[in-house]
Amino acid sequence: MRSVSNRALSSPRSGIRVIFDKVLSMDDVISFAVGEPGCEAAPHVVAEGQRAFDTPAMHYTHVNGIPALREEIANYSSAVKGLTYDADTETQVTHGATAALMLTFLTLVDPGDEVIIASPYFTAYEAQILAAGGTPVVVALRQENSFHHNAADIAAAITDRTTAIVLNSPGNPTGAVTPLADLEEIAKVAIDNDLWVISDEVYHRFVYTGEAVVSIATLPGMFERTVVIDSFSKTYAMTGWRVGYLHGPAEFVAETSSLAEPMTSSNNSASQFAAVAALTGPQDLVDTMRTTYDANRKLVGDIIATAPMLKLAPSEGAFYAFVDVTGTGLSSHEFATQLIEQEHVAVVPGDAFGSAGEGYVRLSYVGTPEDTREGVQRMVDFAVRTAGVQA
Ligand SMILES: Cc1ncc(COP(=O)(O)O)c(C=O)c1O
């Protein structure tokens, strides 16, 4: 075979694979490894998707998405986040948030440009920036700052090649929700240095601090330099339907739109009709998920607190617990591998999310309370036993 491109060869491989392969080869695993809701989409959403298959709706759509969906997305962003975006010129439906991010990097990054990302991070950021020809510049999130994005750390990483800053709050894998005061400082840094901010808000409905999450795009001077990324995947338990979107200034969306044309041509029609139903129909599932995750979050916190060698990051949002396992004497990878082998409990090693994740494991607490209790108790038993052996 003729050789493939350096771009393809240099794309980082996901460190989560090893654990997923083990999960697949065992039949009695309690898994905290998946990064998606543990339930199906609401029945009225599924019904609308099925209905679309039976109508003449299954054709190419506008590259930016069906007008009805863009309209409802703009209404949602206004009602839930206080954002005002035009449905026609400032909104684009994409193949999940993943494609929205890729289009954004392709639009903003020239070869050699630097994009600041905070580690531990959602792994696609690094791979996508590299694929766009850019250089990811990694700023470590600090445990002592509860893993919040920090303006001073970001400012210290800026060079004359910096193009954009990626923010993710609530964050994957940390569950951290960056407070408004920090966002205001980051906004100032972005404005002073004339940078774009890419705000990944896919977990915005899952916040447990009692405050609504604020989009940095609402802050003064930020509308014209922010790209808001969101998705139906987590909010409406629609990961496999592949519907996400981006908002940005009209000049920016004109470019992401023309890049999407040769890449996807349009998004899946049935999924777009289902997404309209998700926004316009009953919202109970979102509330049920939030209540379930919050209860699981407390359960995880209570059980982990009984193990002095484990430390839990605050876990303010999303559905992730990020646990410091260094007290067991094991690396992230050793901890995750031995835990699944000895206790049949799957977690993701933190180094899969960048080097600042070493020493941690991520638990996704989207399962039943029974499995959550049993799985975390087994993890604690394993940690106690292991720390005893190591000591
Ligand atoms: C922070 C973050 N952004 C984006 C995505 C991608 O979401 P989508 O399914 O909409 O592509 C994920 C998925 O895990 C994520 O954790």
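**Close-up views of a predicted model**

**View A. An open sheet of four antiparallel strands, ordered E9-E10-E13-E12**. The model is predicted: pLDDT must reach at least 70 for local features and 80 or more for side-chain atom pairs to count, while totals for chains, interfaces and linings take in all residues. Numbering starts from 1 in each chain and follows its written sequence. Strands (E, at least two residues) and helices (H or I, at least four) are DSSP runs counted from the N terminus; a strand pair requires at least two DSSP bridges. Strand E9 (311-312) and strand E12 (348-349) form the edges, each pairing on one side only. Five bridges join strand E10 (residues 320-324) to strand E13 (residues 360-364) in the antiparallel sense. Within this pair, Phe322 has Arg362 of E13 as its bridge partner.

**View B. A mixed open sheet of seven strands, ordered E2-E8-E7-E6-E5-E3-E4**. Strand E2 (91-94) and strand E4 (135-140) are the edge strands; each has a single partner strand, so one side of each lacks a neighbour in the sheet. From one strand to the next the twist averages 20°, angles being taken from 0 to 180 degrees between N-to-C directions of axes fitted to C-alpha atoms, for helices over the stretch in contact. Strand E3 (residues 114-119) pairs with strand E5 (residues 162-168) in the parallel sense over three bridges, and Ile116 is bridged to Ile165 of E5. Helix H4 packs on the sheet and touches E2 and strand E8 (244-247), its direction making about 115° with that of E2. Helix H5 also packs on the sheet, where its contacts are with E2, E3, E5, strand E6 (196-200), strand E7 (226-231) and E8; the direction of H5 makes about 35° with that of E8. Contact here requires C-beta atoms, placed from the backbone, to lie within 7 Å.

**View C. The packing of helix H4 (residues 67-81) with helix H10 (residues 269-280)**. The two axes lie 9 Å apart at an angle of about 30°, and H4 and H10 are therefore roughly parallel. In this scheme, under 35 degrees is roughly parallel, over 145 roughly antiparallel, 65 to 115 roughly perpendicular, and the rest oblique. The crossing of H4 past H10 is left-handed, the near helix being turned anticlockwise from the far one by less than a right angle (clockwise for right-handed). H4 contributes Ala68, Leu69, Glu72 and Tyr76, and H10 contributes Gln272, Ala275, Val276, Leu279 and Thr280. By class, this contact of H4 with H10 comprises six nonpolar, two polar and one charged residues. Nonpolar denotes Ala, Val, Leu, Ile, Met, Phe, Trp, Tyr, Cys and Pro; charged denotes Asp, Glu, Lys and Arg; the others, Gly among them, are polar.

**View D. Helix H5 against helix H6 (residues 124-131)**. Their axes come within 9 Å and cross at roughly 35°, with H5 passing H6 in a right-handed crossing. On the H5 side, Thr98, Leu101, Met102 and Phe105 take part; they meet Ala124, Gln128 and Ile129 of H6. The contact of H5 with H6 holds five nonpolar and two polar residues, and no charged ones.

**View E. Helix H5 against helix H9 (residues 250-263)**. The axes of H5 and H9 come within 9 Å at a crossing of roughly 110°, which means that H5 is roughly perpendicular to H9. H5 passes H9 in a right-handed crossing. Leu103, Thr104, Leu106 and Thr107 of H5 make the contact with Phe252, Glu255, Thr256, Leu259 and Ala260 of H9. Five nonpolar, three polar and one charged residues form this contact of H5 with H9.

**View F. The shell of 13 residues around the ligand**. Gly96, Ala97, Thr98, Ser231 and Ser233 come nearest to the ligand; a residue belongs to the shell if its C-beta atom, placed from the backbone, lies within 6 Å. Helix H5 (residues 96-108) gives the most to this shell, with three residues. By class, the shell has nine polar, three nonpolar and one charged residues.

View G. Ser146, a residue other than glycine, has a positive phi near 55°.

Definitions and conventions. Two residues are in contact if their C-beta atoms, placed from the backbone, lie within 7 Å.
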